Structures are given as structure tokens and as C-alpha cells.
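The following note concerns the pockets, a helix and the strand pairing of the model shown below. Please read the numbered points alongside the coordinates.

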Amino acid sequence: MEEIKLIVDGKRLDGRGFEELRPIKIEAGVLNRADGSCYLEMGGNKVVAAVYGPREVHPKHLEDPSKAIIRYRYSMAPFSVEERKRPGPDRRSIEISKVSREALEPVIMKALFPRSAIDIFVEVLQADAGSRTACLNAASVALIDAGIPMKGMVTSVAIAKVDGVLVLDPMKEEDNYGEADIPFAFLIRNGKIESITLLQMDGRVTAEELKKALEMAKKGAMQIYQLQREAILKKYVREEVME
């Protein structure tokens with residue numbers, strides 16, 4: 001099998017530098033029937049997030065008398081990939097739903113809403129590399145749009161190792177043929193990264209490379225965080241002007 005070169009003449013295949021993000025577009029409040037929503041494009045990913053709640057828990061036996069329960073559902077539209085995907089949950093979407101919920105749970109102030117549920121639905125309309133990170137970024141904006149009290153913003157980005165080099169926000173070829181993929185999510189409060197809420201790894205890196213990957217991810221996350229803030233501010237400034 002012919003080896004695929006992902007770094008050519010010191011550049012990535014799409015012309016980006018090693019620490020450069022793909023183009024990102026974020027819009028808050030796109031759905032009228034959800035309590036909070038967000039549309040986000042990150043490279044070729046196109047995702048929409050909707051938040052409902054706090055609301056009554058069904059079925060009742062799932063409710064927690066001390067705090068809200070958080071439910072996160074990641075799903076891919078059948079037309080989101082080149083070969084039509086079977087509708088309904090699969091192992092991958094169940095795993096992504098679980099780790100994404102665990103990334104958001106410590107940030108949401110659940111104790112304020114006992115016996116209630118906060119439901120987060122994220123639909124991938126068009127899939128590219130890093131759909132879980134794109135969906136987390138959209139979900140975080142949708143939660144804030146819904147007025148859910150949070151300790152800060154959750155911002156997510158991945159690092160890949162391709163041709164022995166670490167790169168920020170991998171595209172499809174880098175994700176498919178690279179040596180490692182490391183998705184991160186951070187809690188950012190008042191413009192500062194406070195903690196890591198998600199860290200996964202597929203592949204192998206050295207301890208030194210992991211340290212460098214963390215620093216690269218932090219820089220990239222801060223750029224995405226600014227775009228998330230701008231999207232929320234833009235929505236509320238627009239609403240004030242309309243009033």
C-alpha cells in the first residue's frame with residue numbers, strides 16, 4: 001500500500017500551518033422551539049445543537065431529588081457522510097454522547113434544578129474530522145443561549161500527529177491516516193482555562209508530545225472561545241436592537 005504524505009514542503013494538504021484552525025462559523029439562537037440553540041461550522045462539519053430544560057423528568061424514576069440530570073444525544077444524519085449512514089444510534093454515537101455529557105456535567109450548575117432534566121441534542125448535518133469537538137462547542141453555546149447557569153464555557157479542539165508532526169484541528173485525511181488523534185475539552189472562565197473536562201487519545205504519543213499537544217490545544221481553544229463569546233453577544237445585542 002502506497003504511503004500517504006500528509007505534510008508536503010512543511011505545509012499541510014489544505015495549506016494550513018501546523019497551529020492553524022479550520023474556518024469556523026457560529027450562530028446562536030437558530031431554533032425557535034428550543035430553549036437554546038446553536039448552528040456551528042468547523043471545517044467541513046455542520047452541526048446544530050438544541051437544549052431543552054430545565055424541565056420535568058420522564059420517566060419519573062430517573063429524577064434526582066438533589067440535582068438536575070443531564071442527557072446528551074449526539075447523532076449523525078443519514079446524509080451527513082459520503083456513504084449513507086443507517087439511522088439511529090450506533091456504538092460510536094453512544095460513546096460520543098457519553099463522553100460529551102461527562103465533559104459538560106461538571107460545568108453545569110445542576111444543584112440549582114433538583115428533580116429536573118436538561119436535555120442536549122446535537123445533530124451532525126455534515127460530517128468531517130472532529131465532529132465530537134464541533135458538537136461540544138455548539139452544545140456549550142446552546143446551553144448559554146438557554147440561560148442554563150454554568151461555571152464557564154466548554155471549548156473543545158483536537159490535536160493529531162501526522163508524519164511525526166503535531167497539528168491543530170485535524171482535517172479528514174489527517175484524522176484517517178495520522179498516527180494519533182487527541183480530542184481535548186476545556187472549562188474556560190473569565191477568559192482563562194481552568195481545567196480539562198475531556199481528554200481522549202487514539203494512537204500513541206510520547207509524554208513530551210502530549211505536553212506540547214496540550215499547549216497547542218489550549219491556544220486553539222482560546223481562539224474558538226472568542227468566537228463562541230462573539231456568537232452569544234451578537235445574538236443578545238441583536239435582540240436588544242430589535243426591542
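1. By class, 8 nonpolar, 6 polar and 9 charged residues make up the lining of the largest pocket. Here Ala, Val, Leu, Ile, Met, Phe, Trp, Tyr, Cys and Pro count as nonpolar, Asp, Glu, Lys and Arg as charged, and the others, Gly among them, as polar. The model is predicted: local features need pLDDT of at least 70, side-chain atom pairs count only at pLDDT 80 or more, and totals for chains, interfaces and linings use all residues. Residues are numbered from 1 along each chain as its sequence is written, and side-chain values use heavy atoms, with hydrogens and water left out.

2. The volume of the largest pocket is about 550 Å³. Of its 23 lining residues, Arg-92, Asp-128, Ala-129, Gly-130 and Asp-175 are the closest to the centre. A pocket is an open set of points on a 1 Å grid over the protein atoms alone, where a 1.4 Å probe fits, with protein on both sides within 12 Å along at least five of seven lines; lining residues have an atom within 4 Å of a point. Grid points are joined across faces, edges and corners, and a volume is the space filled by probe spheres set on the points.

3. At least two residues of the lining of the largest pocket come from each of α2, α3 (172–177) and β10 (180–189). Helices (H or I, at least four residues) and strands (E, at least two) are DSSP runs, numbered from the N terminus.

4. The second largest pocket holds about 190 Å³ of space. Two or more residues of its lining come from each of β10 and α4 (207–242), and α4 gives the most, with 4 residues. Among the lining residues are Ile-144, Met-150, Ile-188, Tyr-225 and Arg-229. The classes are 7 nonpolar, 2 polar and 3 charged residues.

5. Helix α2 (residues 131–145) has 15 residues and spans 21 Å from its first C-alpha to its last, close to the 21 Å expected at 1.5 Å a residue. The expected span is 1.5 Å times one less than the number of residues. Because 14 of its 15 residues are buried, α2 is largely enclosed by the rest of the structure. Buried means under 20% relative accessible area (1.4 Å probe, protein chains only). Gly-147, which follows α2, has a positive phi, near 80°.

6. How many residues of strand β8 (residues 153–162) are buried? The count is 10 of 10, so β8 is largely enclosed by the rest of the structure. Met-153, Thr-155, Val-157, Ile-159 and Lys-161 point one way from β8, while Val-154, Ser-156, Ala-158, Ala-160 and Val-162 point the other way.

7. β8 pairs with β10 in the antiparallel sense over 9 bridges, and Ser-156 has Ala-185 of β10 as its bridge partner. Strands pair if DSSP finds at least two bridges between them. β8 also runs antiparallel to strand β9 (residues 165–168), with 4 bridges, and Lys-161 has Leu-166 of β9 as its bridge partner. The hairpin of β8 and β9 has 2 residues between the strands, and Asp-163 in the turn has a positive phi of about 50°.

Key. Buried means under 20% relative accessible area, exposed over 50%, partly exposed in between (1.4 Å probe, protein chains only).
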